[in-house]
Amino acid sequence: MKTLIPFLLLFLSFPTLYAQDLTCNDRKAISEKLKMIREADQGIRSRIIKEMATKDPEAMKKIALEMKASDKQNQLLIGSLLDQCGWPKGLDEIENNTIFLVIDHADTAFIAKYFPILKLQSNKGIVAKRDLATLQDRMQLRSGKKQSYGTQTLKTGNMVTIWPIDDVQNLDQRRKEMGLLPMNEYINLLKKTYQSEVIWDKDLSIEAAQEKMRKKN
């Protein structure tokens with residue numbers, strides 16, 4: 001329990017830091033906040049990928065709780081920013097992607113709330129099409145449907161399973177239109193990233209995938 005105290009104190013200090021009102025046209029302040037958010041989001045995920053190699057369930061559980069708390073704080077700021085200001089103007093590619101990451105790593109209700117504004121920004125060319133494709137796939141997974149672009153996976157033990165995909169025959173064409181790698185190249189990237197076996201069963205049903213998810217949880 002003692003090892004959790006510093007983290008909990010840090011967690012309790014976050015609301016004041018994150019709840020500060022941002023002036024919608026204060027480009028510098030918004031950029032600084034987005035940089036901080038990105039470092040937190042990507043830093044904790046880098047730690048998780050490294051921890052996977054140790055196969056230590058207790059360590060994984062601890063870092064997963066840290067990630068959940070970190071993600072929640074990021075969502076508080078991004079939700080407040082979008083509610084007050086809409087999508088900020090004049091952001092660079094990385095900053096726009098940072099807002100996407102926070103939405104993508106949120107719960108279903110948060111994603112559903114902010115998906116329309118992200119889709120609008122993607123249609124304007126502000127948010128990358130690949131980010132829109134990823135978020136759409138995640139919403140389809142959460143709704144118990146087949147995904148459209150093949151971006152979503154399910155990890156159980158040392159195996160990564162591709163979530164069922166609709167219209168596999170035309171998948172790579174859809175991926176190309178959204179700026180995504182061909183599926184086989186994407187699978188090779190997943191293998192390198194997670195150092196795990198990646199299974200793409202094109203006949204996998206939604207019911208079977210959901211059963212795998214239940215067993216994981």
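Student: How many aromatic pairs does the structure hold?
Tutor: The structure holds 1 aromatic pair, counting Phe, Tyr and Trp (its six-membered ring) with ring centres within 6.5 Å. This is a predicted model, where local features need pLDDT of at least 70, side-chain atom pairs count only at pLDDT 80 or more, and totals for chains, interfaces and linings use all residues. Residues are numbered from 1 along each chain as its sequence is written, and side-chain values use heavy atoms, with hydrogens and water left out.

Student: Which residues form the aromatic pair, and is it stacked, edge-to-face or tilted?
Tutor: F110 and Y114 form it, and it is tilted, at 4.7 Å centre to centre and 50 degrees between the planes. Planes under 30 degrees apart count as stacked, over 60 as edge-to-face and the rest as tilted.

Student: Are F110 and Y114 buried or exposed?
Tutor: Both F110 and Y114 are buried, meaning under 20% relative accessible area with a 1.4 Å probe, protein chains only.

Student: Which residues have the most contacts inside the largest nonpolar core?
Tutor: They are I78, L82, W87, I99, I103, L118 and L135, in a core of 29 residues. A nonpolar core is a set of buried Ala, Val, Leu, Ile, Met, Phe, Trp, Tyr and Cys residues joined through side-chain atoms within 4.5 Å.

Student: What does I78 touch?
Tutor: Leaving out residues up to four places away in sequence, I78 touches L34, I37, I99 and V102, with contact meaning heavy atoms within 4.5 Å.

Student: What about a second core?
Tutor: A separate core of 9 residues includes I162, L171, M183 and Y186.

Student: Which charge lies over the face of Y186?
Tutor: R175 does, at 4.8 Å from the ring centre. The criterion is NZ of Lys or CZ of Arg within 6 Å of the ring centre and within 35 degrees of the ring normal.

Notes. Buried means under 20% relative accessible area, exposed over 50%, partly exposed in between (1.4 Å probe, protein chains only).
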